[in-house]
Amino acid sequence: MATNSSCCNNANDKNTQLHIAIIGSGSGAFSCAIKAAENGARVTLIEAANVIGGCCVNVGCVPSKILIRAAELAEQQRKNPFDGLKNNIPKIDRALLSKQQQNRVDELAPSKVSKYFRIKYCTNVSERVCKL
Ligand SMILES: Cc1cc2nc3c(=O)[nH]c(=O)nc-3n(C[C@H](O)[C@H](O)[C@H](O)COP(=O)(O)OP(=O)(O)OC[C@H]3O[C@@H](n4cnc5c(N)ncnc54)[C@H](O)[C@@H]3O)c2cc1C
C-alpha cells in the first residue's frame, strides 16, 4: 500500500483521502482493503467474477465446511455403537445441503463489505463500468 501521509490526514475529507483500487475481492484483497480502510483510505475492490469474496467465501473454506460437518455427523450416525439408538443409516438430501451451503455463502459475502463504509466494490468488470 502506498503511504502518502498527506493523503490520509483527514479521513472525512473525500477530496484528500487516498483512494486505492484493488484487483480481485478474495481473502488477500479483503485483508489489504480492511487495513487500508482502517488507515483512512477509500478502497474499491474490482472483481472480475459476478460475486465478491473470491474462492474462500464462495467455493472454498465456507461451503466446504458445511459438507464436511454434515459428512462427519452422517459418519457418526452410521458407526453409532449403541444398540439403543436405531436408524443408523442417514438419509442424505444433497439438494437441501447445497441450499444450506448457498444460503451461508450469500449471508457472508455482502456482510463482509457492509461493515466497512470506506470499502466499495464492483463485480463483472469485464461487462460493467466500475462506478467509483
Ligand atoms: C475447497 C476449499 C476449501 C478451503 N478451505 C480453506 C480453509 O479452511 N482455510 C483456509 O485458510 N483456506 C482454505 N482454502 C483456501 C482459500 O480459499 C484460499 O487460500 C484463498 O481463497 C485465497 O485467497 P486469494 O485472495 O489469494 O485468492 P482468491 O480467493 O482466488 O481471490 C482472487 C479473486 O480475484 C479475482 N480476479 C482474478 N483475476 C482478476 C482480474 N484480472 N480482474 C479482476 N478480478 C480478478 C478472482 O475472480 C477472485 O475473486 C480452501 C480452498 C478450497 C478450494
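Strands E1 (19–23) and E2 (42–46) run parallel and are joined by 5 bridges. Strands here are DSSP runs (E) of at least two residues, helices are runs (H or I) of at least four, and both are numbered from the N terminus. Two strands pair if DSSP finds at least two bridges between them. Within this pairing, Ile-22 has Leu-45 of E2 as its bridge partner. The model is a predicted one: local features need pLDDT of at least 70, side-chain atom pairs count only at pLDDT 80 or more, and totals for chains, interfaces and linings use all residues. Residue numbers start from 1 along each chain as its sequence is written.

The protein has 5 helices and 3 strands. Along the sequence they follow the pattern α-β-α-β-α-α-α-β. Of the 132 residues, 15% count as buried. A residue is buried if 20 or more other C-beta atoms lie within 10 Å of its own, exposed if 12 or fewer, and partly exposed in between, with C-beta atoms placed from the backbone.

In a regular strand the side chains alternate between the two faces of the sheet. E1 has a covered face, formed by Ile-20 and Ile-22. His-19, Ala-21 and Ile-23 make up its uncovered face. Leu-18 lies in the loop between helix H1 (5–8) and E1. Leu-18 is buried, because 20 other C-beta atoms lie within 10 Å. Leu-18 and Ala-36 are 18 residues apart in sequence, yet 9.1 Å apart in space, C-alpha to C-alpha.

The largest nonpolar core has 13 residues. Such a core is a set of buried Ala, Val, Leu, Ile, Met, Phe, Trp, Tyr and Cys residues joined through C-beta atoms within 7 Å. Ile-20, Ile-22, Ala-33, Val-43 and Leu-45 touch the most other members. Two or more residues each come from E1, helix H2 (27–38), E2 and strand E3 (119–122). H2 gives the most, with 4 residues. Leaving aside residues up to four places away in sequence, Val-43 touches Ile-20, Ile-22, Ala-33, Ala-36, Ala-37, Arg-118 and Ile-119. Contact here means C-beta atoms, placed from the backbone, within 7 Å.

Methods: Two residues are in contact if their C-beta atoms, placed from the backbone, lie within 7 Å.
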